[in-house]
Amino acid sequence: MMREVIIATKNKGKASEFQALLAKKGIAVKTLLDFPNSPDVEETGSTFAENARLKAETIADYFQTIVIADDSGLSIDALGGKPGVYSARYAGEEKDDEANIAKVLEEMRGIPFEQRTARFHCALAISVPNGSTTIVEGTCEGYITEVPKGENGFGYDPIFYVPQKEKTMAELTKEEKNKISHRAVALVKLEKQWEQIVNGE
Ligand SMILES: O=P(O)(O)OP(=O)(O)OP(=O)(O)OC[C@H]1O[C@@H](n2cnc3c(O)ncnc32)[C@H](O)[C@@H]1O
Ligand SMILES: [Mg+2]
């Protein structure tokens, strides 16, 4: 049984969600925010899975321990799947959530509600040093709103409407989001393979 895991992320929103999701299992989470000198991994992949693998393998190699990486983003049908793997840097290298949201809303202007379908994707890669990497993926379906709403969460949460909750993702509590999010869905899949991966079978 794993007691502690490093999540290869520098994103505070992700870090806080993983902390809550894994605390329930009695697993302590460290992230790269605890190791400011850890290497920056260039996300050169063309899919979430490729980027998650790059982050997990590089950081597992660096620490010589088991590492989980998360590569995620928003895919909007009316924009041909954009911002996709470029979600973090859609409006520029600064990774500015507000600017990213403004750019999406501008590009979506005038598109009717039924055509504003979108989904969040999350690829999780778990990497054993000098060993194998396993990848799982989760999604969460919704619609892009016309204006931002809600204060919780991070990233594109204020413009992502979750139909079954009749709220944006940013209006949900962390507990509510952690039951339905792309990240939570992927993590449940990972847990099913957990023991096998950790014991190297
Ligand atoms: O690579 P790390 O260090 O993990 O942090 P990052 O912020 O760069 O993360 P990604 O490369 O995976 O880019 C994901 C972007 O997609 C968005 N995103 C991912 N998950 C999200 C969520 O649960 N809610 C809202 N936006 C999300 C958010 O803007 C992220 O910056
Ligand atoms: Mg990133």
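How many helices and strands does the secondary structure of the chain come to? It comes to 5 helices and 7 strands, where helices (H or I, at least four residues) and strands (E, at least two) are DSSP runs numbered from the N terminus. This is a predicted model, in which local features need pLDDT of at least 70 and side-chain atom pairs count only at pLDDT 80 or more, while totals for chains, interfaces and linings use all residues. Residues are numbered from 1 along each chain as its sequence is written, and side-chain values use heavy atoms, with hydrogens and water left out.

**Overall form**

Along the sequence, the pattern reads β-α-β-α-β-α-β-β-β-β-α-α. The radius of gyration of the chain, 17 Å, is close to the 17 Å that the globule rule gives for 201 residues, so the chain is as compact as a globular protein of that length; the radius is taken over C-alpha atoms, and the rule is 2.2 Å times the number of residues to the power 0.38. The C-alpha trace spans about 50 × 30 × 25 Å along its principal axes.

**The sheet**

The 7 strands form an open sheet of mixed pairing, in the order E2-E1-E3-E4-E5-E6-E7, two strands being paired if DSSP finds at least two bridges between them. Strand E2 (28-31) and strand E7 (167-168) stand at the edges with a single partner strand each, so one side of each is left without a neighbour in the sheet. Strands E6 (residues 160-162) and E7 run antiparallel and are joined by 2 bridges; Val 162 has Lys 167 in E7 as its bridge partner. Helix H2 (residues 48-63) packs on the sheet, touching strands E1 (4-7), E3 (67-76), E4 (117-127) and E5 (133-144), with contact meaning heavy atoms within 4.5 Å.

**Aromatic pairs**

The whole structure holds 5 aromatic pairs, counted for rings of Phe, Tyr and Trp (its six-membered ring) whose centres lie within 6.5 Å, with planes under 30 degrees apart called stacked, over 60 edge-to-face and the rest tilted. Two of them are tabulated here.

| Pair | Centre distance | Plane angle | Class |
|---|---|---|---|
| Tyr 62 and Phe 63 | 4.8 Å | 85° | edge-to-face |
| Phe 113 and Tyr 143 | 4.4 Å | 15° | stacked |

Phe 113 lies in the loop between helix H3 (97-107) and E4, and Tyr 143 in strand E5, so their pair ties together parts that are 30 residues apart in sequence. Ring pairs also link Phe 35, Tyr 62 and Phe 63 into a cluster.

Notes:
Chains are lettered from A and ligands numbered from 1 in the order in which they are written. Axes are lines fitted to C-alpha atoms, for helices over the stretch in contact, and angles run from 0 to 180 degrees between N-to-C directions.
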